[in-house]
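Student: Could we go through this structure together, piece by piece? I would like to begin with the loops and then move on to the sheet and the helices.

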Amino acid sequence: MNGPSSRYDRHICLFGKEGQERMRRTHVTVVGVGGLGGPLVQHLALLGVGKVTAVDDDEIDETSRNRFVGARHDDPVPGSVKIELAARLIREINPDVIAEPLYTDLVSEDAFEAVKKADWVFGCFDEDGPRHILNELCATYERPYIDLASDVPEPGVYGGRVCVAWDGNGCPRRDR
């Protein structure tokens with residue numbers, strides 16, 4: 001794509017042409033592409049982000065199919081890798097966006113490289129352990145980190161949080 005197309009007219013009204021161009025040059029890494037990370041990659045594709053690297057080492061199952069944006073009724077369970085479904089969703093929404101699926105655990109050389117190369121990093125985890133590891137990685141490599149969490153701690157109760165860390169500053173722990 002040489003410049004912003006009319007598909008981004010609404011974004012250009014908000015961000016300006018230069019803002020949309022910056023969006024097109026942006027590389028985002030999303031670690032955890034389940035029930036929260038799936039809709040995130042969908043919106044990144046709609047925004048026209050230049051490249052989305054999706055990192056996860058899990059497959060969908062019957063209990064997550066209804067929460068996974070992009071999962072189809074005929075995707076096999078087991079056998080449908082979340083990052084491949086996320087990459088398919090990105091390509092179907094916007095073929096101008098580069099979808100890079102990484103089927104790996106967060107604690108791997110490939111995942112660390114994906115964090116180092118990204119302009120922005122999003123973490124979408126169910127547990128705090130990986131969340132803290134990714135926070136430390138982003139602090140070490142001075143990558144902006146946005147941590148997204150949703151939870152159902154008990155039946156009928158829903159919660160969530162968003163934490164943002166810039167240039168190595170910030171911590172998602174509540175006791176700090």
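This is a predicted model: local features need pLDDT of at least 70, side-chain atom pairs count only at pLDDT 80 or more; totals for chains, interfaces and linings use all residues.

Student: Which form does the peptide bond from valine 77 to proline 78 take, cis or trans?

Tutor: The bond from valine 77 to proline 78 is cis, and its omega is near -5°. As background, most peptide bonds are trans.

Student: And where is glutamate 142?

Tutor: Glutamate 142 sits in the loop between α5 (128-140) and β5. Its phi is positive, about 50°, although the residue is not a glycine.

Student: Let us turn to the sheet. What is the order of the strands?

Tutor: The sheet is open and has six strands, in the order β3-β2-β1-β4-β5-β6, with mixed pairing. At the edges are β3 (98-103) and β6 (157-165), each of which pairs on one side only. From one strand to the next, the twist averages 15°.

Student: How many bridges join β1 to β4, and do the two run parallel or antiparallel?

Tutor: There are four bridges between β1 (residues 27-31) and β4 (residues 120-124), and the two strands run parallel. Within this pairing, valine 30 has phenylalanine 122 of β4 as its bridge partner.

Student: What about β4 and β5, parallel or antiparallel?

Tutor: β4 pairs with β5 (residues 145-154) in the parallel sense, over four bridges. Here glycine 123 stands opposite aspartate 147 in β5.

Student: Which residue is the bridge partner of aspartate 147 in β6?

Tutor: That partner is cysteine 163. The strands β5 and β6 run antiparallel and are joined by eight bridges.

Student: How many residues lie between the strands in the hairpin of β5 and β6?

Tutor: The hairpin has two residues between its strands, and glycine 156 takes a positive phi near 85° there.

Student: Now the helices. Which strands does α3 lie across?

Tutor: Helix α3 (residues 82-93) lies across β2 (51-56) and β3, and runs at about 175° to β3.

Student: How do the axes of α2 and α3 cross?

Tutor: The axes of α2 (residues 37-47) and α3 come within 9 Å and cross at roughly 25°. Because angles under 35 degrees count as roughly parallel, α2 is described as roughly parallel to α3. The crossing of α2 past α3 is right-handed.

Student: Which residues make the contact?

Tutor: From α2 they are Gly38, Val41, Gln42, Ala45 and Leu46, and from α3 they are Ala86, Leu89, Ile90 and Ile93. These contact residues divide into seven nonpolar, two polar and no charged.

Student: One last topic: how many aromatic pairs does the count come to?

Tutor: The count comes to one aromatic pair. The ring centres of tryptophan 120 and tryptophan 166 are 5.2 Å apart and the ring planes stand at 80°, so the pair is edge-to-face.

Student: Where in the chain are tryptophan 120 and tryptophan 166?

Tutor: Tryptophan 120 is in strand β4 and tryptophan 166 is in the segment after β6.

Terms used:
Residues are numbered from 1 along each chain as its sequence is written. Side-chain values use heavy atoms; hydrogens and water are left out. Two strands pair if DSSP finds at least two bridges between them. Axes are lines fitted to C-alpha atoms, for helices over the stretch in contact, and angles run from 0 to 180 degrees between N-to-C directions. Contact means heavy atoms within 4.5 Å. Angles under 35 degrees count as roughly parallel, over 145 as roughly antiparallel, 65 to 115 as roughly perpendicular and the rest as oblique. A crossing is left-handed if the near helix is turned anticlockwise from the far one by less than a right angle, and right-handed if clockwise. Ala, Val, Leu, Ile, Met, Phe, Trp, Tyr, Cys and Pro count as nonpolar, Asp, Glu, Lys and Arg as charged, and the others, Gly among them, as polar. Rings of Phe, Tyr and Trp (its six-membered ring) pair if their centres lie within 6.5 Å; planes under 30 degrees apart count as stacked, over 60 as edge-to-face and the rest as tilted.
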